[in-house]
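Open the structure in your viewer and keep the selection panel at hand. This tour tells you what to select next.

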Amino acid sequence: MTSYVDSQQLASMVRTKRGEAGLRQIAQEIGNISPSTLSRVENGKLPDMDTFLRLCDWLEVDPAHFFKNTHEADNPQLDTPELIEVHLRADRELDPETANALATMVKAAYRAVRAGKIPQTS
Amino acid sequence: MKNLDFRQWCESEAVHWRRKLGLYAYDPLPADRLAAYLHIPLLSPDAIPDFDATVIMALSAAGNSGWSAVTIPVPDHSPIIIYNPGHAAARHEANMMHELAHLLLGHKPISIQTDMPILRQSYRPEDEEQATFLGGCLQVTRSGLDWAIGKGMEREAIARHFGASEEMVQYRLNMTGRLLAVRR
């Protein structure tokens, strides 16, 4: 059994609570966190322990809420979500073939990253 | 941040990242070098493991200019950017710097659901404007323009130096209020 912090759930809760407010404003509200760190958390990156605890305080959530065990969730770290949120720089209207090809590519890239086949430094 | 302060900050950022990479303020900054420093992989479709070769060909074909880049956030990992290798070099550089600018600015996309099989996000218009400006600064620095003008370089030569398009150089000249010397 392996324990881990559910960074996806943390990211989702932070994004939801921040809503339309700016990163800088919320970072100041939380205290001792930079806007860029807050952005990384919202993108699923695990923060350091101090930042994690500050976020839990701000969310008014017990830190234990985010600790999971692999057997509880069948190793979700390697799951490919049904829908992946991406930013696509493209024409407003894409032909269906290109759209489907891009979707296939995004899922393949996501799986490769999660499986450690694409290093963080290119 | 006020508009003037934001623009000044962007000009400083462009110099800041060059210094981090051991470059002078007037040196070109290739997007892949900045991305590597930021630990953000820039990939062409054929660099994705276990990806169907026929789909790679379809997306990479020179005629398929409908898409430029996809930025994919991944939990516990830096985002990755996959680009269309069929674009001309200057356009590619501009696209990559624009995407990196969004990430440097910490912009949060607004999720919108489309008919596509992936959730296609957009940025707010004001965030797009910011990324356009910062991306331009990252490509062509104000100091670089001053240096080039001092050397009597013309727009084409400036574009070649920075790996940018002439349109980008003109945009930066307009934004910084710099004028090229008139040929006599």
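This is a predicted model: local features need pLDDT of at least 70, side-chain atom pairs count only at pLDDT 80 or more; totals for chains, interfaces and linings use all residues.

Residues are numbered from 1 along each chain as its sequence is written, chains are lettered from A and ligands numbered from 1 in the order in which they are written, and side-chain values use heavy atoms, with hydrogens and water left out.

**The whole contact.** Select both chains. Chain B brings 47 residues and chain A brings 45 residues; contact means heavy atoms within 4.5 Å. About 4,400 Å² is buried between chain B and chain A, with 61% from carbon and sulfur atoms. Buried area is the accessible area (1.4 Å probe) that two parts lose on being put together, summed over both.

**The salt bridge.** Select B:Asp50 and A:Lys117. Their side chains form a salt bridge, N to O, at 2.7 Å. The count between the two chains is one. The term needs a side-chain nitrogen of Lys or Arg within 4 Å of a carboxyl oxygen of Asp or Glu.

**Chain B's side.** Which element gives the largest share of the side of chain B that touches chain A? Strand 2 of chain B does, with eight residues. By class, this side has 26 nonpolar, 15 polar and six charged residues. Ala, Val, Leu, Ile, Met, Phe, Trp, Tyr, Cys and Pro count as nonpolar, Asp, Glu, Lys and Arg as charged, and the others, Gly among them, as polar.

**The paired strands.** Select residues 85-90 of chain A, which are strand 3. This strand pairs with strand 2 of chain B in the antiparallel sense, over four bridges. Strands (E, at least two residues) are DSSP runs, numbered from the N terminus, and two strands pair if DSSP finds at least two bridges between them. Finish on A:Arg89, whose bridge partner in strand 2 of chain B is B:Ala69.
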